[in-house]
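Keep the structure open and look for each place as you come to it.

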Amino acid sequence: MQRKYSLAHLILASVVVLSLTSLIIVVEAQTQIAFESDRDWNGIRFEIYVMDVDGENLQRLTKNDFHDRSPSWSPDGKRIAFVSERSDRDWNRQIYVMDADGGNQRNLSNNDFDEWAPSWSPDGKRIAFVSNRDGDLNMNIYVMDADGDNRRRLTNNRRHNSSPSWSPDGNRIAFSSNRDGNFEIYVMDANGGKQRNLTNDRHNDRSPSWSPDSNRIAFSSDRDWVLDKGGWPTDEIYVMDANGENTQRLTENGVYDLFPSWSPDNNRIVFVSGRNGNAEIYVMDADGGNSQNLTNNPQPDSDPAWFNSPFSVSPRSRKFTIWGWVKQLDR
Ligand SMILES: [Ca+2]
Ligand SMILES: [Ca+2]
Ligand SMILES: [Ca+2]
Ligand SMILES: [Ca+2]
């Protein structure tokens with residue numbers, strides 16, 4: 001009897017191990033990247049697209065005569081927040097959400113101001129964004145509930161505060177601001193407290209993206225004067241520790257490299273580069289190696305967002321995944 005019981009356990013354990021292995025493969029294969037492109041409209045009307053991380057299975061989620069841009073995944077992968085100008089209020093930018101298959105598109109902003117750069121909080125409950133509702137010169141970071149209620153202003157100055165990116169624990173928000181004369185990467189508590197800069201130089205440091213393991217922040221900067229053909233400094237991608245130390249440059253060329261976004265396993269970064277003559281989406285290893293072009297068409301492809309949740313429903317299959325557990329076991 002005892003022996004039979006052990007055999008049953010062994011079989012059960014084998015099944016569990018095999019299931020975990022296949023789930024890991026499923027998760028890796030089904031992670032997706034959302035981005036904006038005007039490939040279907042030739043230069044004037046952006047739409048939101050998703051693709052697999054190898055550039056396959058491209059799917060357009062929006063279709064209309066206005067710009068749809070800047071996608072941000074909900075942490076459960078079921079929805080995407082984005083910016084649209086389709087509202088009839090003088091083409092102003094508004095925050096929208098839709099299901100991950102493009103269904104159920106709705107306006108969360110519903111006002112006459114410009115609102116953009118949505119970033120979904122890791123607990124799924126809030127969306128940070130930028131609004132000029134305090135006047136055209138004041139572009140401040142706000143947060144609202146994921147249904148559009150309870151708006152609160154987090155920054156308050158007559159400058160550009162932009163590109164909010166949540167820390168994985170949801171306690172802090174990285175952003176860029178030119179409040180001191182040029183753009184720096186800042187970090188603040190999620191309620192707007194303790195605002196402090198992580199970079200401090202005379203160049204423009206922008207578009208922070210917090211790594212899923214919390215340890216690093218990727219951003220773009222023209223600080224190293226890597227010049228284009230006309231002699232102008234171009235943006236490169238950098239990473240630094242989340243406290244602002246150990247900055248490392250990942251790209252070096254005479255064209256723009258912008259808008260980094262981390263892979264869920266922290267090993268790769270998706271970004272935009274003009275190295276092919278127009279804006280394309282690329283991925284590279286987190287040390288800058290193995291750069292690969294995922295898009296290839298003459299129109300701009302930009303603002304990539306890697307679906308990123310350590311413990312989640314994958315956006316394509318809706319299968320429950322155990323990636324977070326595996327990551328912890330791996331340490
Ligand atoms: Ca559109
Ligand atoms: Ca700076
Ligand atoms: Ca560059
Ligand atoms: Ca392109």
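You can find Lys-194 in the loop between strand S14 (184-189) and strand S15 (196-197). Bear in mind as you look around that this is a predicted model.

**Two residues with a positive phi**
- Most residues other than glycine have a negative phi.
- Lys-194 is not a glycine, yet its phi is positive, at about 50°.
- Phe-259 also has a positive phi without being glycine, with a value near 55°.
- Is Phe-259 buried or exposed? Phe-259 is buried, because 26 other C-beta atoms lie within 10 Å and the cut-off for buried is 20 or more.
- Phe-259 belongs to strand S20 (residues 257-262), whereas Lys-194 sits in a loop.

**Strand S9 and its partners**
- Strand S8 (residues 115-120) runs antiparallel to S9, and 4 bridges join the two.
- To see this pairing, look for Trp-116, whose bridge partner in S9 is Val-130.
- The hairpin of S8 and S9 has 5 residues between the strands, and in this hairpin Gly-124 takes a positive phi near 80°.
- S9 is also joined to strand S10 (residues 140-145), by 6 bridges and again in the antiparallel sense.
- Here Ile-127 is the residue to look for, as it stands opposite Met-144 in S10.

**An open sheet of four strands**
- Strands of a sheet pair through backbone hydrogen bonds, either parallel or antiparallel.
- In what order do the 4 strands of the open sheet lie? The order is S3-S2-S1-S24, with antiparallel pairing.
- Strand S3 (59-60) and strand S24 (301-306) are at the edges with a single partner strand each, so one side of each has no neighbour in the sheet.
- The partner of S24 is strand S1 (residues 32-37), and these two pair in the antiparallel sense over 4 bridges.
- Within this pair, Ser-37 stands opposite Asp-301 in S24.

**How confident is the prediction?**
- The protein chain has an average pLDDT of 87, and 84% of the residues score at least 70.
- Over residues 312-331, pLDDT stays under 50.
- For this stretch, residues 312-331, the model has 35 contacts beyond four places in sequence.
- Where pLDDT is low, the predicted coordinates should not be read in detail.

How values were computed. Residues numbered from 1 in each chain as written. Chains lettered and ligands numbered in written order. Predicted model: local features only at pLDDT ≥ 70, side-chain atom pairs only at ≥ 80, totals over all residues. Pairing = 2+ DSSP bridges. Buried ≥ 20, exposed ≤ 12 C-beta atoms within 10 Å, placed from the backbone. pLDDT = per-residue confidence, 0-100. Contact = placed C-beta atoms within 7 Å.
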